[in-house]
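Subject: Structure handover

Hello,

Please find the structure below, followed by notes on what was found in it.

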Amino acid sequence: VATNQKTPFEQEETSKANHPYSDDDDVLNEVEVNGNWTPQEKALHEARLKAKAKRRLRKSSSRNSTSESFSESGEVVGGDPHSPKGKVNTNDRKSRTGKGRGLPKKGGAGGKGVWGAAGMVYEDEEPDIHDPNYDESSQGDTVYETVVPEIDEKELEKMVNPIVQEYFEHGDTKEVQMLLKELNLGQHKYEFSSLAVSLSLEGKASHRELTSRLLSDLSGKMLSQSEMGRAFDKMLKELPDLILDTPDAPQMLGQFIARAIADHVLPMSFLDCYKGKVDCEHARVALDRAAVLLSMKREMVRLDNVWGVGGGLRPVKHLIKEMNLLLKEYLISGDVSEAEHCLRDLEVPHFHHELVYEAVVMVLESKGDTATHMMMKLLQSFWKTGLITVDQMNRGFQRVYDELPEISLDVPHAHSIMETFVDLCYQESVITKQLRDACPSRGRKRFVSEGDGGMIKN
């Protein structure tokens, strides 16, 4: 007969369903009442009691943590309105581990891609010396400057020579100052002046004039009077070597010193420092030359044109006079090289046609064949060296062709002399065939016969 008697296990499950949250005292009483369990049932019952105790502990701690989030009306703060009462929204940033006060993590400033709470302003933090990434050199207001190493004495000449040579072409002193500021000359700053002067000694008179202007512009801005004095003192000591390349170096250096003193580049007492203290003969010549020019200055003779007026700045009448003097000296001495040197010193290659014109006119006005052959030789030398170009040669002869009728008033035989000289120049390859054919010829008048009574044939 089936009975409705329940086993101890079924009784326990029933009690769980009816009293899920019974006290610990009821559990102890239940164990005492059912003392007739088998060992297996007893072990199973103890395990269930332990699990039940753990669940009670978890639920009690959860109720304590969520009690602060309830409002006065009994609703859960931040919970879902459709969720059961007491259930916390799973998306809320609150601790669900049963620890803490249930507040958002990091005060609501945590999360992926979040730099902090809204409206938070971060202040500058002092770097930590113990930080492994701490760099002492990067702290504070660091100013970076470009450091240019000082130029060695051996490299000084290589750096300065191009600057001076370019200055001789453009003549802009401000550009030279800008280039020198980019170089760290250091203790060798004064040597720039000596190098510039030595280069101008080997050049033209216009180069020396430009060098004097450069020294005047650099004085007081980049070079002091003491540094200029050191530069000229060095050049006085190097005169024996400079004479090998430039025989007139002592006289030219004396002119440089006089011009520098007149431009207040050197102090007025510069010459007084060398009185009775100079053993070099060439240095004495240079100092004497400077002293003579400065004494002339007191007589109102200007030293601004001590090097002459450069090239095209000279008046045309002055250039014509210089070329006439050049040709006359050549007819006396016959030195072609000296004439070439004088023509180059004039520095007027665009005006060389005037030399050709004056030379041909001298041939027409001369007596004998000596001047004809000498002038032909001079023009031939200038043509071969390239000193006189084709254009200048043609222009000079063409000017004589145009003025030949006027010249023939003073020189009756000008046409015949001109034809002879032109043929000679063509044979020596001085002029072209076109220029020879362009020479004007005067029509020759001849009588028909003696019996015509002196009638001229038309």
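**His353 and its helix**

Apart from residues within four places of it in sequence, His353 is in contact with Gln392, Arg395, Gly396 and Arg399. Please keep in mind that this is a predicted model. His353 lies in helix α14. Is His353 buried or exposed? Its relative accessibility is 6%, so His353 counts as buried, the limit being under 20%.

Helix α14 covers residues 352-365 and helix α16 covers residues 390-410; their axes lie 8 Å apart, at an angle of about 40°. That angle makes α14 oblique to α16. The crossing of the two, α14 and α16, is right-handed.

The crossing of α4 and α5 is right-handed.

From α4, the contact takes in Ile163, Tyr167 and His170. From α5, it takes in Thr173, Glu175, Val176, Leu179 and Leu180. The class count for the contact of α4 with α5 is 5 nonpolar, 2 polar and 1 charged.

**Two further buried residues**

Phe256 is in helix α10, which spans residues 249-262. With a relative accessible area of 1%, Phe256 is buried. Leaving out residues up to four places away in sequence, Phe256 touches Val197, Ser200, Leu201, Arg208, Thr211, Ser212, Phe232 and Trp307. The C-alpha atoms of Phe256 and Ala290 are separated by 7.8 Å, and these two residues are 34 residues apart along the chain.

Ser193 is found in helix α6, residues 191-201. Ser193 has 2% relative accessibility and therefore counts as buried.

**Cysteines**

How many disulfides does a search of the whole structure find? The search finds 0. Cys273 is partly exposed, with a relative accessible area of 46%. Cys280 also counts as partly exposed, at 25% relative accessibility.

**The chain as a whole**

The secondary structure of the chain comes to 18 helices and 0 strands. Of the 458 residues in the chain, 34% are buried. Among contacts in the chain with a separation of 6 or more, 66% are between residues 24 or more positions apart.

Regards

Note on methods
Residues numbered from 1 in each chain as written. Predicted model: local features only at pLDDT ≥ 70, side-chain atom pairs only at ≥ 80, totals over all residues. Heavy atoms only, no water. Left-handed = near helix turned anticlockwise from the far one by under 90°. Helix = DSSP H or I, 4+ residues; strand = E, 2+ residues; numbered from the N terminus. Contact = heavy atoms within 4.5 Å. Nonpolar A, V, L, I, M, F, W, Y, C, P; charged D, E, K, R; others polar. Disulfide = S-S within 2.5 Å. Buried < 20%, exposed > 50% of the residue type's maximum accessible area, 1.4 Å probe, protein only. Axes fitted to C-alpha atoms, helices over the stretch in contact; angles between N-to-C directions. Parallel < 35°, antiparallel > 145°, perpendicular 65-115°, else oblique.
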